[in-house]
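This briefing considers one residue and then the chain to which it belongs. Please keep the sequence and the structure in view while reading.

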Amino acid sequence: MSALDNIRVVLVGTLYTGNVGSACRAMANMGIRKLRLAAPNLQNSWDEGERLAVHANDVLDSREEFASLEEAVADCVAVVGTTAREGLYRQHVKAPRDCAADILALAETGPVALVFGREDKGLLNEEIAQCTHLIRIPVDKGYTSINLAQAVLITCYEFFAASGSYIPPHEKAPPAPQAQKMQLVKNWSKMLMEIGFMKPEQEDHFMQGFHRVFSRGVVTKDDAALMLGVARQAIWAKRNAANAAPTA
């Protein structure tokens, strides 16, 4: 069982079902599938929520509803509140990335709540008081308000990343040995001569450039120009040979 299985996303006083549905989609993206609604104050039908949940309707359908935040987090070993506001009782706030690993360690021992407040005013002070941890998503000071579902996505992403669940793709082929690299350079040099890209007296100059490109990849404008020049010359050589071919 993954620590992510013990994460509960708790939405407090949510106003719009579309945000709930979008939050479900964000949760499913990050391997978190337990949703709780605390004192929801929904202003529209579930049609929009079901539509925006897309392929995460199972998360939406299995949601739990509670009359208050206190009831929603009663079984949790940690309650992590999200807040954009500042104040005396919010000074111990951390970015999700800075505390995700520690909170996941707590999730190994029992349920952990990630609590998100209302779309219009976030969590109230009395709700903040119920939180054992506070987190704030770093944003530009010019505009600190984040859409509820986007806040869920960013926060859940940090926990997913910290969990080590994602295994990035890797190159299946082993690194090329030096002998193969040198053979590539020799064959490339011969090909460049045959298509007329360079003359024998230019070999040292050009091949130094190709050595660099082959060793580190196409990075600079000069690297790209060199490779494009070869491609153009190869195309020209092929066309010229075709035009010069005798006809029966």
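Ser189 lies in helix H8, which covers residues 178-194. The model is predicted, and the values below are computed from it.

- Ser189 has a relative accessibility of 6%; because buried means under 20%, Ser189 counts as buried.
- Beyond its neighbours within four places in sequence, Ser189 makes contact with Met198, Glu203 and Met207.

**Fold and overall form**
- The protein chain contains 10 helices and six strands.
- For 248 residues the globule rule gives a radius of gyration of 18 Å, but the protein chain has 29 Å, well over that figure, so the chain is more spread out than a compact globule.
- Along the principal axes, the C-alpha atoms of the protein chain fill a box of roughly 90 × 40 × 40 Å.

**Burial and contacts in the chain**
- Buried residues make up 38% of the 248 residues of the protein chain.
- Among contacts in the protein chain with a separation of 6 or more, 79% are between residues 24 or more positions apart.

Technical notes. Residues numbered from 1 in each chain as written. Predicted model: local features only at pLDDT ≥ 70, side-chain atom pairs only at ≥ 80, totals over all residues. Heavy atoms only, no water. Helix = DSSP H or I, 4+ residues; strand = E, 2+ residues; numbered from the N terminus. Rg over C-alpha atoms; globule rule 2.2 N^0.38 Å. Buried < 20%, exposed > 50% of the residue type's maximum accessible area, 1.4 Å probe, protein only. Contact = heavy atoms within 4.5 Å.
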